[in-house]
Amino acid sequence: MQRDATRAGAPQPGVRQARMRQPDATRQPGDASKLEYVLRLADTSLILAQRLGEWIGHAPLLEEELALANISLDLLGQARFLLTYAGELEGRGRDEDALAFLRTEDEFRNVQLAEQPNGDFACTIVRQALLDTFQVELYERLQRSSDARLAGIAATALRESRYHVRYSSGWLVRLGDGTAESHQRAQAALDLLWPYTRELFAADEVDLAMQSLGVAPHLAEIEAAWNRRLSAVIDEATLRRPPEPSYSWYGKRGQHSEHLGRLLATMQYMQRAYPGACW
Amino acid sequence: MNADAPSAGPSVQPPAGRRAVLAARVWQVLETVMDPELPMLSVVDLGMIRRVEAEGDGSIRIGVSPTYSGCPALRVIPGAIRAALQAKGFAQVEFYHVLDPPWTSDWITERGRALLHECGIAPPERVAGTHRTNERIAWTGNGRSAATREEGARGRSESAGGVACPRCGSTRTERLSEFGSTPCKAQFRCLACLEPFEHFKCI
């Protein structure tokens, strides 16, 4: 469902507004942007982890179930480090659990690609390959961030992302260069999900602010590397690269598809039903 | 006084002083705290403990490196460490994460590697200073030879680095999956004795 990106942030009747705290005088310039930026990384990993977790008990093969579960676990761990940092930056006493389980969908900052449904195995693999390739290139550069905390998280996450991208790229090749059915399903998934990739590289004022402070790597650089890696995989898979999308959605600005609400209803149910409960 | 993680070489004797003595005692206790999933390895064998800081009042701060971002043991291990230290009279123990430099399987001690092998898990090869990073057996997109297609279809590959079977020692082994029962392990099968085994991944 297309949202009007030009009205990002403008009040809309009947839509609950994102409840971000106004920066106070003691905060450094760029703090609000940094919080937004960290939440984007955290939420993308968190929502993608949740999606992969949905395969447990349903994967086509035991080895693939373990693989998807392990990738999900890595992503969840990255999300936890990032959410903890976000809570500290926000300074309102919210920890990783409060941020994960008590925010509403308009407060989430994941890219829309991460919340798209699993679909069939090909669809999951395509979504994973697109995002794994993005994360490898992002973390490789983010480990040199001027923000030491982000640099450390990225260095740790990068080692894991290399395994993820090898898995998803390998499967994309097998599916594309597989049977007639696997090829058709992989191509259909690529055509369906490709429009969501534009958001990954569409820099807004948060991205530009973080880039100028040396906190975030330049999206244009990441895009070039992402294109190189992915084009090689798509060619090897004998798939057809879809046409470039002409519009972008902005999950990273809190504009989400209808899928996120349902995902959060499952993910947040226990904490909302039993507030304050813990293991 | 602080005590850093012992390096791969001989352990460094901490200088005299109450805090150094306390830190050394903490290291001794840490040698007895075992990983919950790999109970043959202590947290010291795993190279997870990066720093021990002891204050004059006996309070302790421990810097821990997570092996994998989502490793569930990372949440369990501090509790086990705290219990072990409290049993030895250390009332106040705090932990913090050390993410830079990130943990690498190179930090597993020689003793740890030998114990893994004894328990039927192929230990990781060395990563640093070689090209044998976890990219070495990467998918390279090297054309559609019959072997590649066959390998791709089966989702398996002959072990490029010659991972030795911990049971019979043969290097004719096959990787079944890069993911296993825990985030840190991959699944292999020996083509000589036909037994499956797990490999602690190089990272």
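**Figure 1. Parallel pairing of strands β5 and β9 in chain B.** In this predicted model, strand β5 (residues 121–122) of chain B pairs with strand β9 (residues 196–200) of chain B. The two strands run in the parallel sense, and 2 bridges link them. Within this pairing, B:Ala122 stands opposite B:His199 of β9(B).

**Figure 2. Antiparallel pairing of strands β8 and β9 in chain B.** Strand β8 of chain B covers residues 185–190. Its pairing with β9(B) is in the antiparallel sense and extends over 5 bridges. One of the residue pairs to locate here is B:Gln187 with its bridge partner in β9(B), B:Glu198.

**Figure 3. The hairpin turn between β8(B) and β9(B).** Together, β8(B) and β9(B) form a hairpin, with 5 residues between the two strands. In the turn lies B:Leu194, whose phi is positive, at about 65 degrees.

**Figure 4. The largest cavity of the model.** The model contains 3 cavities of 30 Å³ or more. The largest cavity holds about 210 Å³ of space. It is lined by 17 residues, of which A:Tyr37, A:Arg40, A:Leu41, A:Phe134 and A:Leu138 are the closest to its centre.

**Figure 5. The lining of the largest cavity.** Four elements of chain A each give two or more residues to the lining of the largest cavity: α1 (31–53), α5 (121–142), α9 (205–212) and α10 (219–236). Sorted by class, the residues of this lining comprise 11 nonpolar, 3 polar and 3 charged.

Methods:
Residues are numbered from 1 along each chain as its sequence is written. Chains are lettered from A and ligands numbered from 1 in the order in which they are written. This is a predicted model: local features need pLDDT of at least 70, side-chain atom pairs count only at pLDDT 80 or more; totals for chains, interfaces and linings use all residues. Side-chain values use heavy atoms; hydrogens and water are left out. Two strands pair if DSSP finds at least two bridges between them. On a 1 Å grid over the protein atoms alone, a cavity is a set of points where a 1.4 Å probe fits but cannot get out, and a pocket is an open set with protein on both sides within 12 Å along at least five of seven lines; lining residues have an atom within 4 Å of a point. Grid points are joined across faces, edges and corners, and a volume is the space filled by probe spheres set on the points. Ala, Val, Leu, Ile, Met, Phe, Trp, Tyr, Cys and Pro count as nonpolar, Asp, Glu, Lys and Arg as charged, and the others, Gly among them, as polar.
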